[in-house]
Amino acid sequence: VHNRFYIIIFLIELFLDKSWVLWKKLLKESNIGGPIRFFCYRNSSGNKIRQVYHLKKLSESTTVNLKEIKNVIEIGGGYGCMPLVFNKINKDVNYYIFDTKEVCLLQYYYLKSHNLSVSCGMKGKKISLISDIEEFKKIKMINKEHSLIISNWAFSEIPISLRKKIEVIILDFELILMSFQSTFENINNKIYFNKFSKKFHKNFKIKFLYIKAMNFLNPNKHFYFILYK
């Protein structure tokens, strides 16, 4: 991400939004990991701006109040940027990341460096890093009314066989934000997410949003999949 030009459009939208005071707070970047600062907004990085923009789109597309979310389950957490963002929204939020073991170790280092309560596995810490699918199934016991499932591109870039295992776990949740590109390797994600949307209860509202800024001159189009009750 770093200094890609489409991040400027994300930043302008955040700046012009009525919740700019909140977004500005969330955009502030730390020095841990030596992040590359965004060239026209040195207080943040390209990746942090994009992460916050995802939450802006969720907030404006649903009736959800981000401060009322009590549990966040992220599928594919990168180096751990989003739990740090949510910690600024609500320090009491419980955060769960499902990822590969090696990436969970990177997340542990990054989040621990911010003095956050984090553990590898579900051990009662505020942030749980999970790499085993059987352990990940335990999130079905979480209160789903104030919980968010989030996955930015990761869910759409894993094999269909693993997606089906995860589907069974998350189908009961009432708030989902996922971003995806129309195709990944030999998978048509537009067809997949259309079928995926039909597996939820009819009372849920589903939106597919075209991410215009990311799609300029990019033949592989990007979208948000948003589900809420």
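Cys81 counts as buried, at 3% relative accessibility (buried: under 20% relative accessible area; exposed: over 50%; partly exposed: in between; 1.4 Å probe, protein chains only). The sulfur of Cys81 lies 16 Å from the closest cysteine sulfur, that of Cys104, which is too far for a bond. Cys104 is likewise in no disulfide; its nearest cysteine sulfur, in Cys120, is 6.4 Å away. Cys104 counts as buried, at 3% relative accessibility. The structure holds zero disulfides, a disulfide being a pair of cysteine sulfur atoms within 2.5 Å.

The model is predicted: local features need pLDDT of at least 70, side-chain atom pairs count only at pLDDT 80 or more, and totals for chains, interfaces and linings use all residues. Residues are numbered from 1 along each chain as its sequence is written, and side-chain values use heavy atoms, with hydrogens and water left out.

Strand β4 spans residues 94–98, and four of its five residues are buried. Helices (H or I, at least four residues) and strands (E, at least two) are DSSP runs, numbered from the N terminus. Strands pair if DSSP finds at least two bridges between them. Strand β3 (residues 71–75) runs parallel to β4, joined by five bridges. Ile73 has Tyr96 of β4 as its bridge partner. Strand β6 (residues 127–130) also runs parallel to β4, through four bridges. Here Phe98 stands opposite Ile130 of β6.

Helix α4 (residues 81–89) forms a right-handed β-α-β unit with β3 and β4. A crossover is right-handed if, with the strands pointing away from the viewer, the path from the first strand over the helix to the second runs clockwise.
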